[in-house]
Amino acid sequence: KGFAQAQNNLGLMYGKGQGVEKDFQKAANWYQLAAKQGLPQAQHNLGVIYGKGQGVEKDFQKAIQWFTLSSRQGHAQAQYNLGLMHHRGEGIPSDEKEAIKWYQLAAEQGINGAQSNLGLMYERGQGVELSYVEAHKWFNIAGTNGNETGRRNADILEKKMTPGQIIFAVGLAQEWAKKFK
């Protein structure tokens with residue numbers, strides 16, 4: 001048992017070498033204790049170290065398992081990472097529709113990488129119907145939230161769009177921002 005948040009914090013300290021010698025194995029042990037108590041941040045952290053093989057054997061299946069548990073509790077970064085794994089086919093067959101689902105949830109919580117990736121998927125018609133307007137909307141949102149790739153992609157995409165489409169996409173991004181800010 002123990003206090004899950006403190007266990008997660010100890011894992012973070014060992015993972016970053018803050019006040020202690022960096023030790024990913026000890027970090028993994030502390031994350032495991034907190035994650036088994038249901039702490040979404042610890043579940044996410046455990047997913048990260050399994051995905052990278054830090055202090056544990058690299059295991060995409062375990063990464064997916066921990067990201068899923070964390071994601072179901074609404075942890076935005078875990079949702080983004082789960083979207084990435086579905087998109088890339090890491091540990092599971094690539095599933096663009098499943099990637100979209102997790103990116104959407106993370107994007108709605110402000111994860112600008114998820115917002116930018118949604119833009120790419122709409123621009124390419126991956127897992128969704130191709131839509132430059134939707135793509136521009138997501139690139140615009142990502143750029144507004146500090147994602148330089150999203151900002152650049154919006155500028156590049158504008159060359160393929162009519163002025164009316166651009167105005168409509170900007171309006172959609174503004175509506176979205178009001179709803180999710």
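E98 is partly exposed, at a relative accessible area of 23%. Here buried means under 20% relative accessible area, exposed means over 50%, and partly exposed lies in between (1.4 Å probe, protein chains only). E98 belongs to helix 6. Its C-alpha atom is separated by 17 Å from that of Q109, 11 residues away along the chain.

This is a predicted model: local features need pLDDT of at least 70, side-chain atom pairs count only at pLDDT 80 or more, and totals for chains, interfaces and linings use all residues. Residues are numbered from 1 along each chain as its sequence is written, and side-chain values use heavy atoms, with hydrogens and water left out.

**The chain as a whole**

The protein chain has 10 helices and zero strands. Helices are DSSP runs of H or I with at least four residues, strands are runs of E with at least two, and both are numbered from the N terminus. Read from that end, the order is α-α-α-α-α-α-α-α-α-α. The C-alpha atoms fill a box of roughly 60 × 30 × 25 Å along the principal axes.

Of the 181 residues, 45% are buried. The chain exposes about 9,400 Å², and carbon and sulfur atoms supply 51% of that area. Accessible areas come from the Shrake-Rupley method with a 1.4 Å probe; for residues, only the protein chains shown count as cover. Contact means heavy atoms within 4.5 Å. Take the contacts between residues at least 6 apart in sequence: 46% of them join residues at least 24 apart.

**Helix 5**

Helix 5 covers residues 76–88. At 1.5 Å a residue, its 13 residues should span 18 Å, and its end C-alpha atoms are 18 Å apart, so the two values agree. The expected span is 1.5 Å times one less than the number of residues.

How many of its 13 residues are buried? The count is 10, so helix 5 is mostly covered. The buried set is A76, A78, Q79, Y80, N81, L82, G83, L84, M85 and H86. Their cover includes helix 3 (40–52), helix 4 (60–72), helix 6 (96–107) and helix 7 (112–124). After helix 5 comes G89, with a positive phi near 75°.

H86 lies in helix 5. It counts as buried, at 13% relative accessibility. Setting aside residues up to four places away in sequence, H86 touches I92, P93, S94, D95, E98, A99 and W102. E98, the opening residue, is thus one of the contacts of H86.

**Helix 6**

Helix 6 has 12 residues. From first C-alpha to last it reaches 16 Å, close to the 16 Å expected at 1.5 Å a residue. Its buried residues are A99, I100, W102, Y103, A106 and A107. These pack against helix 4, helix 5, helix 7, helix 8 and helix 10 (163–180). An α-helix has 3.6 residues a turn, so residues three or four places apart point the same way.

K101 also has its place in helix 6. It is partly exposed, with a relative accessible area of 40%. K101 and W30 are 71 residues apart along the chain, and their C-alpha atoms are separated by 30 Å.

**Helix 8 against helix 9**

The axes of helix 8 (residues 132–144) and helix 9 (residues 148–158) come within 7 Å and cross at roughly 145°. Axes are lines fitted to C-alpha atoms, for helices over the stretch in contact, and angles run from 0 to 180 degrees between N-to-C directions. Helix 8 brings Y132, A135, H136, F139, N140, A142, G143 and T144 to the contact, and helix 9 brings G150, R151, N153, A154, L157 and E158. These residues divide into six nonpolar, six polar and two charged. Ala, Val, Leu, Ile, Met, Phe, Trp, Tyr, Cys and Pro count as nonpolar; Asp, Glu, Lys and Arg as charged; the others, Gly among them, as polar.

**Two more residues**

N8 is in helix 1 (residues 4–16). Beyond neighbours within four places in sequence, N8 contacts Y31, A34, L39, Q41, A42 and N45. E175 sits in helix 10. E175 and N112 are 63 residues apart in sequence and 17 Å apart in space, C-alpha to C-alpha.

| Residue | Relative accessibility | Class |
|---|---|---|
| N8 | 0% | buried |
| H86 | 13% | buried |
| E98 | 23% | partly exposed |
| K101 | 40% | partly exposed |
| E175 | 54% | exposed |
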